[in-house]
Amino acid sequence: MKGLWKYISPFAPDQSGACSVFYGLGGIVVIVDAGGCAGNVCGFDEPRWFGKKSAIFSAGLRDMDAILGRDTLLVEKLCAAAADTNAMFAVFVGTPVPAVIGTDYQALRRMAEKKLRLPVMTVDTTGMNLYDVGIEKAYLELFRTFAAASGPIQPETVGVIGATPLDMTCLEDPLHIENMLIGQGWSRVLIYGRNGLSNIQQAGAVAKNLVIAPAGMAAAVYLEKKFGTPYTTAYPVLKKNWVCDFTGKKILIVHQQILANALRQQLLEAGASAVTVASWFMLNVALKEPYDIALREEEDFIQLADNQTYDIVIGDGLFRKALKHFMGMYLELPHFAVSGRM
Amino acid sequence: MKNKPYSITIKELVERGRNNIPEECISSTHLIYNSPAALAFNSPGAEGFGVKRAGLAIPGSVMLLIGPGCCGRNTTILSEMSGYSDRFFFYIMDETDIVTGRHLTKIPQAVKEVCEALDTLPTVVMICMTCVDALLGTDMERVCRKAAMYVGIPVVPCYMYALTREGRKPPMVAVRQAVYSLLEKREKQASMVNILGYFSPLMNECEIYPLLRQMGIKKINELSRCKTIEEYKSMAAANFNLILHPESRLAAQDLQEKLGIPSIELTRMYQIDKIQKQYYILAKTLGTVIDDSIYAAEARNAVTKFVQSHKNVIFAVGEMMNGNSFELALALVRYGLCVAEIYSNLGTEDYVFLKQLAALSPNTRVFSNLSPSMLYYEDTGNRIHVTVGKDAAYYHPHAVHVLWTEEEQPFGYAGVTKLFKKLQEALDTEGGDLQ
């Protein structure tokens, strides 16, 4: 049945993706929920939460707030929190509750900006889309609000879009990417999401952007249109030490597209006969091979992989549970947005 | 006040009175800070028993969560826990479901497919609903009845309505009603009692078991100790229910109305004299007498031993632990110990403890765990020696910790004895020269 998932638990939702982009930028993030969504974001989808404090708050909505649409109260709560905090901006991140009651985010933003005298953003996430949709919306909102033409293009500066824990193999990947890019001759690497808002504000002056996850593509396209900044895609620090002979093997990879593409390249070089990328997440047409597969339901994956079509399946360990009849080799490649593990 | 956590002394709180609690201590008036310390409050599924795990308390049950994907997200953790794998299923709603309500017509078929995917037929399918259906006003009782007729086994709604957390029937109250809702009238057994309140058993060494036997009780039921559906159903024959957690009051009321089982409520406390008084009242109500002297003496000895060896240590008490933080702080202070800080949500019902605390320890400071200003709480060094509670441990990483969050529930004298033994052990091994 469409919609029924029997083996695989739900993936990180769009509000988690949005929050991962805003994390640690020095603003107040208000998740417009009753509490559970914020709890999931902080307790499950944000591995930095337990090591680095960040002003992510729940709106703490109660039934009457939702029924009466008490946006004024929400803005008052935000103002009170801002009075205790040195925030650079505030952002409202949506969840199913505002989606159902039809919250007017633009009005909410205007009301809050008027009272706060800070830049206020809104992201209309619904909890019904996947994390990459939220990441995409959040990056766009951030760049639209803060990226400005800040002087001449700096030819030795490169920006990195998409470096959120939900799409990386480990929390140290941004550092590895930075080192690798410096090794390639770039003198400055601006990883958007680090160094507060500063890197975002300088996005108009970088010579090039590197996109490491498909959720960052829309922002890269926006920056290209706005500032003429070219971009490329790659996941340049993927290293897997599987002891395995891939020669002549048919392989299925299930992961975020850019990382999966990087792995595909490595496997083909290692002798694999065919490598297919499948994903429930964004599959950018420009980066997609004709035989790559967009998954929608759990059943799609079972029909694709729970048989002997592939010799090897590579994906998060959580997917394995759905493959009761697959007799080939399963290689685990953690995806934080899937299992909450790196 | 920028960059400083809000706090207030017990004396100030009592002077303001229960009708004038500061806004900073009332969670509905401010944004909620999900600090790692308070996470379990805001997202009970993250640890311990939230609605999802609690809803699976009936032996042989499985759960179908109906909601947007985000509502089932943390279930990945639960699915990996022993006893819960293969018990969670999801119907992931999309925008069309919300607009048209079509998901409701699909639930019976979804329940059928869940049953078919299992090796053995479940005893009951719990349908977990979220804020979305709360706002849509879904009549899930009706939907569940229809599904039950379709599959031939009970299908029970289980409400995970976070929006109603501070209402008359918060989710953890509603889930307690749900898990006892399958009990059907049986012939009464005079010597049988149900213990209601927790989703995990009381500690085995708890004196409540022998004391109830002294009162003539032969069979003591706890939902968490039921291994089979028949054991669960036999709870309907109990002579009375013993409520150990206030969130079970409505479930007990249902059982009174439906099955004619009356109830008596006991409170978890750490003040030995109060525990004693409570047991005597219980015995008197049941028309018997009890001898609890051995258990009381054991608890007193544990307290005395600790106080003698560690009378100068300074405590911080949190709320992420098995107890009421104000009652535990009061107990510690009454035993002659010092409590410098308490981290807790404050309710009017806590004033009974606050008034006594104000007389004994007026300068103890109360912090609201959920206040956004707690973002700025910093450990000020060596002031706090011992913490009780997971939240308190988070705020004071360098202190000696007794988390006191075990699933096996402490209660009565045995709870006091175990807590003080743990404190003694923790300070003896990790406390260095703290005396």
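1. Which elements are among what covers the buried residues of helix 13 of chain B? In this predicted model, the cover includes helix 10 (208-214), helix 14 (293-310) and helix 18 (412-430) of chain B.

2. Helix 13 of chain B spans residues 272-285, 14 residues in total, and reaches 20 Å from its first C-alpha to its last, close to the 20 Å expected at 1.5 Å a residue. The buried residues of helix 13 of chain B are B:I272, B:I275 and B:Y279. They lie on the same side of helix 13 of chain B because they cover an arc of only 60 degrees around the axis. In general, residues three or four places apart point the same way, because an α-helix has 3.6 residues a turn.

3. The face of helix 13 of chain B that is turned away from its buried side carries the exposed residues B:D273, B:K277, B:I281, B:K284 and B:T285. After helix 13 of chain B comes B:G287, with a positive phi, near 75 degrees.

4. Chain B also holds an open sheet of four strands in the order 8-7-9-10, with parallel pairing. Strand 8 (219-222) and strand 10 (263-265) of chain B are the edge strands, each pairing on one side only. From one strand to the next, the twist averages 25 degrees.

5. Within this sheet, strand 7 (residues 192-196) and strand 9 (residues 240-243) of chain B run parallel and are joined by four bridges. Opposite B:V193 stands B:F240, in strand 9 of chain B. Helix 12 (residues 249-259) of chain B lies across strand 7, strand 9 and strand 10 of chain B, and runs at about 175 degrees to strand 9 of chain B.

6. Between the chains, 52 residues of chain A are in contact with 51 residues of chain B. Elements giving two or more residues to the side of chain A that touches chain B include strand 1 (4-5), helix 3 (63-68), helix 4 (71-83) and helix 5 (96-101) of chain A. Helix 2 of chain A supplies the largest share of that side, eight residues. By class, the side of chain A that touches chain B has 30 nonpolar, 16 polar and six charged residues.

7. Strand pairing also links the two chains: strand 3 of chain A and strand 2 (residues 32-33) of chain B run antiparallel and are joined by two bridges. The bridge partner of A:S58 in strand 2 of chain B is B:I32.

8. A:Q303 is exposed, because 12 other C-beta atoms lie within 10 Å. A:Q303 and A:L323 are 20 residues apart in sequence, and their C-alpha atoms are 9.4 Å apart in space.

Definitions and conventions. Residues are numbered from 1 along each chain as its sequence is written. Chains are lettered from A and ligands numbered from 1 in the order in which they are written. This is a predicted model: local features need pLDDT of at least 70, side-chain atom pairs count only at pLDDT 80 or more; totals for chains, interfaces and linings use all residues. The expected span of a helix is 1.5 Å times one less than its number of residues. A residue is buried if 20 or more other C-beta atoms lie within 10 Å of its own, exposed if 12 or fewer, and partly exposed in between; C-beta atoms are placed from the backbone. The arc is that of the directions from the helix axis to the C-beta atoms. Two residues are in contact if their C-beta atoms, placed from the backbone, lie within 7 Å. Ala, Val, Leu, Ile, Met, Phe, Trp, Tyr, Cys and Pro count as nonpolar, Asp, Glu, Lys and Arg as charged, and the others, Gly among them, as polar. Two strands pair if DSSP finds at least two bridges between them. Axes are lines fitted to C-alpha atoms, for helices over the stretch in contact, and angles run from 0 to 180 degrees between N-to-C directions.
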